[in-house]
Number of protein chains: 4
Amino acid sequence: MTAALEVVSLEPAPDQLRYSFGGAEPLLTVAPGTVVELTTEDCFGGAVRGVDDLPSQVCVFPYLNPVTGPIAVEGAEPGDTLAVHLVDVAPVRDWAVSTTFPHFGALTTTHQTAMLHAPLEELVWLYEVDRERGTCLFRPRRGGPEVELPLDPMHGTIGVAPGAGEVHASITPGAHGGNMDTPEVRAGTTLYFGVNVPGGQLSIGDGHCRQGEGEVCGTAVEAAMRTVVVVDLVKGGGPAWPRLETDEFLMSTGSVRPLEDAFRVSQHDLVTWAAELTGWDVLDAYQLVSQAGLAPAGNVVDTNYTMVAKLAKRYLPGAPAADGVHERLRETAAAYLGQR
Amino acid sequence: MTAALEVVSLEPAPDQLRYSFGGAEPLLTVAPGTVVELTTEDCFGGAVRGVDDLPSQVCVFPYLNPVTGPIAVEGAEPGDTLAVHLVDVAPVRDWAVSTTFPHFGALTTTHQTAMLHAPLEELVWLYEVDRERGTCLFRPRRGGPEVELPLDPMHGTIGVAPGAGEVHASITPGAHGGNMDTPEVRAGTTLYFGVNVPGGQLSIGDGHCRQGEGEVCGTAVEAAMRTVVVVDLVKGGGPAWPRLETDEFLMSTGSVRPLEDAFRVSQHDLVTWAAELTGWDVLDAYQLVSQAGLAPAGNVVDTNYTMVAKLAKRYLPGAPAADGVHERLRETAAAYLGQR
Amino acid sequence: MTAALEVVSLEPAPDQLRYSFGGAEPLLTVAPGTVVELTTEDCFGGAVRGVDDLPSQVCVFPYLNPVTGPIAVEGAEPGDTLAVHLVDVAPVRDWAVSTTFPHFGALTTTHQTAMLHAPLEELVWLYEVDRERGTCLFRPRRGGPEVELPLDPMHGTIGVAPGAGEVHASITPGAHGGNMDTPEVRAGTTLYFGVNVPGGQLSIGDGHCRQGEGEVCGTAVEAAMRTVVVVDLVKGGGPAWPRLETDEFLMSTGSVRPLEDAFRVSQHDLVTWAAELTGWDVLDAYQLVSQAGLAPAGNVVDTNYTMVAKLAKRYLPGAPAADGVHERLRETAAAYLGQR
Amino acid sequence: MTAALEVVSLEPAPDQLRYSFGGAEPLLTVAPGTVVELTTEDCFGGAVRGVDDLPSQVCVFPYLNPVTGPIAVEGAEPGDTLAVHLVDVAPVRDWAVSTTFPHFGALTTTHQTAMLHAPLEELVWLYEVDRERGTCLFRPRRGGPEVELPLDPMHGTIGVAPGAGEVHASITPGAHGGNMDTPEVRAGTTLYFGVNVPGGQLSIGDGHCRQGEGEVCGTAVEAAMRTVVVVDLVKGGGPAWPRLETDEFLMSTGSVRPLEDAFRVSQHDLVTWAAELTGWDVLDAYQLVSQAGLAPAGNVVDTNYTMVAKLAKRYLPGAPAADGVHERLRETAAAYLGQR
């Protein structure tokens with residue numbers, strides 16, 4: 001890796017934060033291969049800072065879940081593949097928060113799963129974040145033992161501008177990515193998005209110190225982040241739904257309702273992707289994925305639900321995914337981290 | 001562990017196999033703490049032995065998915081907890097099979113997700129099982145690379161007699177267990193079932209050399225098994241839905257449709273279970289599970305779908321689950337394996 | 001109509017009531033074409049008689065939703081069509097009841113759609129039934145105007161023994177019928193069930209003075225009934241899911257979850273049925289049903305949800321359904337009513 | 001009715017048609033109470049004119065389902081109620097079309113309910129429209145009897161700009177209205193929308209000569225329309241989801257997935273609306289709606305599914321809905337029709 005790294009910085013002021021995917025002018029335009037050092041605010045816009053800051057009181061709808069971006073990638077055209085490799089995701093503060101939120105969560109009446117119950121009580125949990133030890137501290141509100149949890153920083157929200165001129169609230173996941181809320185979006189992961197508009201228009205936000213699969217109560221350990229990504233472009237081959245790659249796994253996502261349709265979308269994509277990479281017939285790929293695949297929930301709380309279909313690359317003899325861009329971006333990341 | 005181990009054997013003849021949960025006389029009655037060495041036939045009753053044995057031709061509905069049992073446990077009464085620890089699960093033959101099956105699977109029209117398409121092609125895959133090396137060989141039907149997969153033997157079907165006098169086909173998972181088809185049911189796992197009828201009436205079948213999460217195509221690497229379990233009884237405390245415990249994890253299950261309700265059932269059970277073990281308020285347990293839980297799909301193909309909610313025991317300071325029966329059964333298993 | 005009518009009576013004693021479909025000896029065996037005068041108890045077994053009789057206190061699970069039967073039909077074999085025409089459905093008492101019920105209903109947390117809310121308040125509504133004027137009186141519990149509603153008596157639960165040796169609680173609807181809870185099951189309607197076991201084994205219960213589509217709160221205006229049916233047999237042609245016919249409409253049902261799958265099952269059945277009766281290609285029938293069909297909800301509260309697909313017979317030129325048995329049974333009904 | 005009627009005309013040129021809700025400048029601005037005579041193109045933009053015009057060939061995604069508008073209403077502010085009364089809906093041409101469409105419809109694999117099947121065959125049906133006799137003629141493509149169906153003209157798509165800066169494709173129904181595809185949107189109906197942006201921004205399109213409930217195959221008898229509406233404004237009281245009123249019924253809608261959530265949304269809205277109009281407690285309204293409500297499917301094919309909850313006004317003693325605006329608009333309509 002002898003080429004000089006292109007490194008740029010993106011630290012939006014509060015009034016530069018955006019709350020949707022689509023319809024916005026780029027905040028930054030970069031060449032493929034550029035390293036972007038960026039900051040993201042937490043999903044509450046930093047307004048929830050203690051257990052008395054109830055989100056329904058200190059936040060103003062729809063100014064929730066701000067994203068940093070969009071970042072336009074030079075040369076990206078509809079049909080292309082925008083690749084984003086997460087080099088580093090690090091909490092900015094020594095605290096983070098989580099909450100219940102009225103009409104939001106998997107085990108409560110919501111605006112869609114509408115019931116006659118009063119909302120569950122709105123509570124805030126403040127986590128102490130120890131970046132040195134790599135932990136965040138869960139402190140129950142009504143007594144009982146505290147628990148130290150390992151940090152596993154990730155971004156709940158990452159995606160590109162949708163097609164058909166649509167503008168989606170940043171809270172919504174879909175074919176464009178968005179608020180997928182899967183813990184798989186951590187440092188070391190490359191994401192592939194199908195480009196729908198010139199420049200692709202990447203945005204990222206909603207950092208989590210960690211998150212369980214499903215994000216059951218509706219919020220994770222929410223934190224502002226200092227994040228480093230490499231943004232790249234593969235001409236053509238834009239996937240219909242976001243795909244992820246790590247050193248060990250390929251992953252497809254589906255973000256729709258009901259949850260079995262999210263499962264179907266993700267599995268359908270993984271099966272056809274596996275067939276394409278190996279040369280197997282689709283039914284053979286269906287068989288292999290059935291025996292070797294993993295299927296963790298992403299979120300079961302957002303306006304669309306997200307399922308992940310996951311397959312170890314060692315079970316996929318054949319061509320590398322997306323022309324091997326993951327490996328190239330790993331090298332870029334290593335070069336960047338080496339010189340930092 | 002000085003008490004003599006009670007070890008009994010259960011190898012049902014073909015005409016002793018059962019195809020449902022509930023409504024049957026026990027094939028065996030044991031005292032709590034007994035080790036049972038048993039055999040199970042594969043889900044096709046052993047009738048699919050090569051790629052030309054199409055299930056729709058060689059199997060006769062409803063004689064699918066045979067189970068071994070029921071095993072009555074002395075003293076088990078409605079409201080109690082029947083505990084089953086899997087000591088060993090080993091494929092009997094040097095081959096196993098998987099298939100597509102008309103109107104069955106997640107990516108095909110089914111009797112419930114009814115569509116106007118003709119069924120997908122019915123295909124059989126024959127796996128070579130190498131018990132010494134611990135592998136099974138995937139051989140694609142239409143060319144392309146073969147893949148060696150590690151054995152990870154499990155039972156798709158395990159459960160007790162349902163309540164309310166119901167009799168469920170062995171293909172159906174539910175509150176009684178049954179065909180949950182989660183790979184978590186492997187050696188080393190203890191399962192807890194709520195007892196609905198005297199004796200509990202445990203049955204087990206549907207061995208898989210391995211299975212992906214979701215069992216996408218509808219069948220796993222299906223195999224006859226030689227399996228060893230320890231059966232035990234905890235008075236009272238019968239869970240509403242099957243629970244699992246390993247050395248590392250507690251798990252709750254939910255088996256209903258749609259998939260988000262299976263998710264809700266499993267998470268609701270895990271949250272309330274965690275609250276009970278730690279003394280946390282339910283909302284505090286909801287918070288902790290949201291940040292630390294895992295949520296893999298079990299099956300998304302059977303008459304009910306199964307989700308698993310999974311939490312590392314290290315995040316649950318407090319009382320052991322089910323009075324520590326898992327640890328006791330681990331000791332029994334070690335004693336049995338030591339003397340085998 | 002010169003043949004003598006065969007008329008028999010079936011008034012089960014309380015200890016003869018059943019709570020499931022399948023697994024029971026017939027209470028009555030009749031020849032095809034027999035008129036049966038029968039009584040049914042209400043879904044609470046008559047135990048809720050006033051606003052202070054909370055079901056959760058006066059009823060004992062699983063002794064809910066009793067059915068009268070089974071009635072075996074001579075000559076009925078698996079694969080045949082059991083036809084039941086409702087001649088008359090009349091409330092027995094001058095009162096009826098409805099309730100909320102903990103963990104039951106469409107707008108409340110349930111055992112499947114599990115949430116952390118406390119149950120909605122359990123309330124009983126007592127309706128005055130005026131059989132002469134054909135009304136039942138809704139009296140709100142917390143003040144406000146009373147409303148007189150027209151009687152539209154129906155049975156929520158009607159079906160045959162399931163196949164595969166299964167026994168389903170009477171609360172569950174499915175391919176065997178059962179607790180479909182659609183207001184279409186009223187006098188003048190003929191139902192067709194596929195026979196799964198010798199004799200078919202018809203049971204009927206859960207009378208409603210009237211019910212809205214969806215049965216939103218989980219219970220209708222529940223009443224004991226005096227009901228007259230004609231039971232008949234068509235050799236062969238047993239439908240996969242219950243079908244209904246009136247003078248004006250053909251109807252298919254689907255009883256599964258999620259609700260869109262119940263919709264799919266019912267529409268798939270109606271489309272293929274329409275194609276069969278008219279000679280249209282299936283895609284042509286799909287088109288016609290898309291433009292001319294109705295799709296009311298049956299129930300969205302029971303263990304399976306029920307959708308009805310409904311098409312006016314005037315849009316279906318071709319052969320009569322089920323060999324014209326509806327018309328014949330209408331004649332039998334007229335003869336019976338004429339001589340009563 | 002002595003006030004002079006304000007009548008304006010809106011006949012957009014092809015390049016003025018829009019394909020989304022939100023984000024557009026108004027094509028017309030009117031005072032409350034104005035009668036608007038407008039034209040709409042069919043969902044294929046008029047490009048499918050015969051059985052050989054396959055939509056996938058003659059249409060260009062995303063230029064599907066054009067709408068006429070937006071129409072801004074003077075004085076409409078977020079939180080207000082925009083009322084639209086349909087005075088007349090009349091097909092423009094003497095033909096109309098319907099089609100299957102790859103990956104669209106309730107009984108086929110779709111992009112969300114993703115399966116491995118090839119799409120169903122794409123077919124076009126051409127209907128002869130006889131406006132004098134009030135019929136459209138169904139002609140099967142593969143032989144068999146033709147059927148004459150009564151005209152029952154309606155609009156599949158009608159709504160306002162969504163909130164939160166979102167822009168939704170016109171194919172999507174939701175809280176803003178949009179592509180609800182319920183046959184209840186016919187002449188004589190008043191619709192109420194919550195206003196999200198200044199002016200409300202009403203758009204209308206997707207005329208159907210008739211449509212079955214559920215729109216099973218994905219398209220209705222699609223036609224360009226000449227439509228007359230009265231647009232009005234009620235300050236405040238904007239409903240969360242679109243509501244409808246006719247002389248006989250009040251209706252609530254829900255447009256989400258899965259279908260049971262669409263049912264829940266619509267029933268929840270109807271129950272709380274009924275409570276508000278009558279002064280009943282919410283649980284009393286829940287009870288009444290459970291016994292007297294209707295629940296027809298709108299569509300079960302679009303990106304969100306639509307259910308309608310429907311209650312006869314005669315069962316709702318109390319205040320008129322939306323301050324009686326329906327009655328006033330009926331008078332305006334009568335005045336308009338009297339002078340036309």
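Visitor: What should I know before reading the numbers?

Guide: This is a predicted model, in which local features need pLDDT of at least 70 and side-chain atom pairs count only at pLDDT 80 or more, while totals for chains, interfaces and linings use all residues. Residues are numbered from 1 along each chain as its sequence is written, chains are lettered from A and ligands numbered from 1 in the order in which they are written, and side-chain values use heavy atoms, with hydrogens and water left out.

Visitor: How many residues of chain A and chain B are in contact?

Guide: Contact means heavy atoms within 4.5 Å. By that rule, 65 residues of chain A touch 65 residues of chain B.

Visitor: What area is buried between chain A and chain B?

Guide: The size of an interface is often given as the accessible area lost when the parts come together. Buried area here is that loss (1.4 Å probe), summed over both parts. For chain A and chain B the value is about 5200 Å². Carbon and sulfur atoms give 63% of that area.

Visitor: Which polar links cross between chain A and chain B?

Guide: The rule finds 43 residue pairs in polar contact, both residues at pLDDT 80 or more. A polar contact is a pair of N or O atoms within 3.5 Å; within protein, one must be able to donate a hydrogen and the other to accept it, and residues adjacent in sequence count only if both atoms are side-chain atoms. The residues on the side of chain A that touches chain B divide into 34 nonpolar, 19 polar and 12 charged. For these classes, Ala, Val, Leu, Ile, Met, Phe, Trp, Tyr, Cys and Pro are nonpolar, Asp, Glu, Lys and Arg are charged, and the others, Gly among them, are polar.

Visitor: How many salt bridges lie between chain A and chain B?

Guide: Side chains of opposite charge can pair when their charged atoms come close. A salt bridge is a side-chain nitrogen of Lys or Arg within 4 Å of a carboxyl oxygen of Asp or Glu. Between chain A and chain B there are two. One of them joins Asp281(B) to Arg142(A), at 3.5 Å, N to O. Over all chains, the count comes to 82.

Visitor: What else does Asp281(B) do?

Guide: Asp281(B) caps the N-terminal end of α3(B). Its side-chain oxygen lies 2.8 Å from the backbone nitrogen of Leu283(B). Helices (H or I, at least four residues) and strands (E, at least two) are DSSP runs, numbered from the N terminus.

Visitor: Is helix α3 of chain B mostly covered or mostly open?

Guide: Buried means under 20% relative accessible area, exposed over 50%, partly exposed in between (1.4 Å probe, protein chains only). Helix α3(B), residues 282-292, is mostly covered, with 10 of its 11 residues buried. Among them are Leu283(B), Tyr286(B) and Val289(B). The buried residues pack against β7, β8, β9 and β10 of chain A, together with α2 and β21 of chain B.

Visitor: Which parts of chain B does the Arg133(B) pair tie together?

Guide: Arg133(B) meets Glu148(B) in a salt bridge of 2.7 Å, N to O. Arg133(B) lies in the loop between β8 and β9 of chain B and Glu148(B) in strand β10, so the pair ties together parts that are 15 residues apart in sequence. Glu148(B) is partly exposed, at 38%.

Visitor: Which strands pair with β17 of chain A?

Guide: Two strands pair if DSSP finds at least two bridges between them. Strand β4(A) pairs with β17(A) in the antiparallel sense over seven bridges. Here Val36(A) stands opposite Val229(A). Strand β6(A) also runs antiparallel to β17(A), joined by 10 bridges. There Ala90(A) stands opposite Arg226(A). In β17(A), nine of 10 residues are buried.

Visitor: What does the contact between chain B and chain C involve?

Guide: It takes 26 residues from chain B and 26 residues from chain C. The buried area is about 2100 Å², and carbon and sulfur atoms give 66% of it. Seven residue pairs are in polar contact. On the side of chain B that touches chain C, α2(B) gives the most, with five residues.

How values were computed: Buried area = accessible area lost by both parts, 1.4 Å probe.
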